[in-house]
Amino acid sequence: MKLGSVLRWGAPALAAGLLVSAAAYAQDPGAAAAAAPAPAPTVDKGDVTWMMTSAILVLLMTVPGLALFYGGLVRAKNMLSVLMQVSTIACVMMLVWVVYGYSLAFSGGNAFIGDLSKVFLAGVTTDSLADTFSEGVKIPEFVFIAFQMTFAAITPALIIGGFAERIKFSAAVVFAVLWATFVYFPVAHMVWASNGLIFGWGALDFAGGTVVHINSGVAALVGAIVIGKRVGYGRDILAPHNLPMTLIGAGLLWVGWFGFNAGSNLEANSTTTLAVLNTFVATAAAGVAWMLSEWMTKGKPSMLGLASGIVAGLVAITPAAGLSGPMGAIVLGLVAGVVCFIFCTSVKNALGYDDSLDVFGIHGVGGIVGAIGTGIVVAPALGGVGVDDYAMGGQVVTQIKAVLVTIVWTGVVSFILFKIVDVLIGLRVSPEAEQEGLDLVSHGERAYHS
């Protein structure tokens, strides 16, 4: 959960208030005391520093983390195309966020979408403050904007892994902007804004299980189906070209994820330390669970499997990071590692869709496991922090409702947007271009020279 309501405090207004209070006190001390303004909110330099650090850590997740993780998984001839898509989408989304995205996600509006009162960050100054989860404790609104901006930057970039090696560069960027506008911003508002539909239900999403992972995973699956399979899929070897680079990317994702999860507490306090510990142990559990599952079913544990399990664990603990106890986080990671392994192998092969880099199998499925599991592991009896009026059955039902709304919203709208982009500029490169590789065709350069 995140709150985006804002208070603004200006030095001139505060000084004027003090003068009025002094005059009133001279006339009637009792009445003046009753009418005294509430104390100014507290802004702690430690909280501010932590939130700036968290925003920078989430950027590390995207560039270079996600870019290298994806880049190592594709064939050498498409390495630069993936790096370009991830990096360009992140840059474009940062601009879109400050122009109108922040306003649509976190200002006024209704239960589904914010309004345009903060377009171009209108009214936001260095004196503007945003709420945290502690009454009377605030952080500068600019750092809240920057932190949330990094979430908006990475989420559309995650999607491109579902149809990597075959989408036009222009189509990927245009789709990302449209998708953020009509899917990400509304879902973020519904889940995290105080007047949002899903927030009002009491659904728990500490750091983005629905907003980021289910959202991007479902969109990636829709895109993989609409765009179609890669040339040679199921016939040719389409193996990753650089697994060491993928592990480097996974490691950077893990490090950056501490900003993602622990930063979502918006303060540096004991709950932040819980999110840090959970991000360690749930991730480790999922990595081990995936590795063992693969070892038992295929005879050998692979480094790709371990890296995939690590990311699955990061995804699953995201909605529960500050809500679960460490033992619950481990169980959540173990379940996610096994379930995501099954979806990325048996289910994917049975259904025959070409989700190039397993975005749905890891982010979509892992996000669903984490979102629903949060309703269980938050239980105080299981070591969770608990919430007001908690009942496990009711909370799990609420979590399922939030998951279903997210799946339907992103699934339907993503399908429409893919079709619109296909009509306007075309989604897919030609078979000849795909055979040659997107690095040369789209960008005129190679990742490697022999």
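The paragraphs below lead through the pockets of this predicted model and then through its salt bridges.

Because the model is predicted, local features need pLDDT of at least 70 and side-chain atom pairs count only at pLDDT 80 or more, while totals for chains, interfaces and linings use all residues. Residues are numbered from 1 along each chain as its sequence is written, and side-chain values use heavy atoms, with hydrogens and water left out.

Rolling a probe the size of a water molecule over the atoms shows where empty space is left. A pocket here is an open set of points, on a 1 Å grid over the protein atoms alone, where a 1.4 Å probe fits and protein lies on both sides within 12 Å along at least five of seven lines; its lining residues have an atom within 4 Å of a point. The largest pocket has a volume of about 670 Å³, a volume being the space filled by probe spheres set on the points, which are joined across faces, edges and corners. Its lining consists of 26 residues, and Leu 304, Cys 344, Lys 348, Ser 356 and Asp 358 are the ones nearest the centre. At least two lining residues come from each of α3 (45-73), α10 (270-298), α11 (303-317) and α12 (326-351), where helices are DSSP runs of H or I with at least four residues, numbered from the N terminus. The helix that gives the most to this lining is α12, with five residues.

The second largest pocket has a volume of about 180 Å³. Eleven residues line this second pocket, and Phe 133, Phe 206, Asn 265, Thr 271 and Leu 323 are the closest to its centre.

Turning to charged side chains, the whole structure holds nine salt bridges, each a side-chain nitrogen of Lys or Arg within 4 Å of a carboxyl oxygen of Asp or Glu. One of them joins Asp 131 and Lys 138 at 2.2 Å, N to O, and both of these residues are buried (under 20% relative accessible area, with exposed meaning over 50% and partly exposed in between, for a 1.4 Å probe and protein chains only). Asp 236 and Arg 235 form another salt bridge, at 3.2 Å from N to O; Asp 236 is partly exposed at 39% relative accessibility, whereas Arg 235 is exposed at 62%. In the salt bridge between Arg 428 and Glu 434, the distance from N to O is 3.0 Å; here Arg 428 is partly exposed because its relative accessible area is 25%, and Glu 434 counts as buried because its value is 2%. Finally, a network of salt bridges links Arg 75, Glu 165, Arg 166, Arg 230 and Asp 354.
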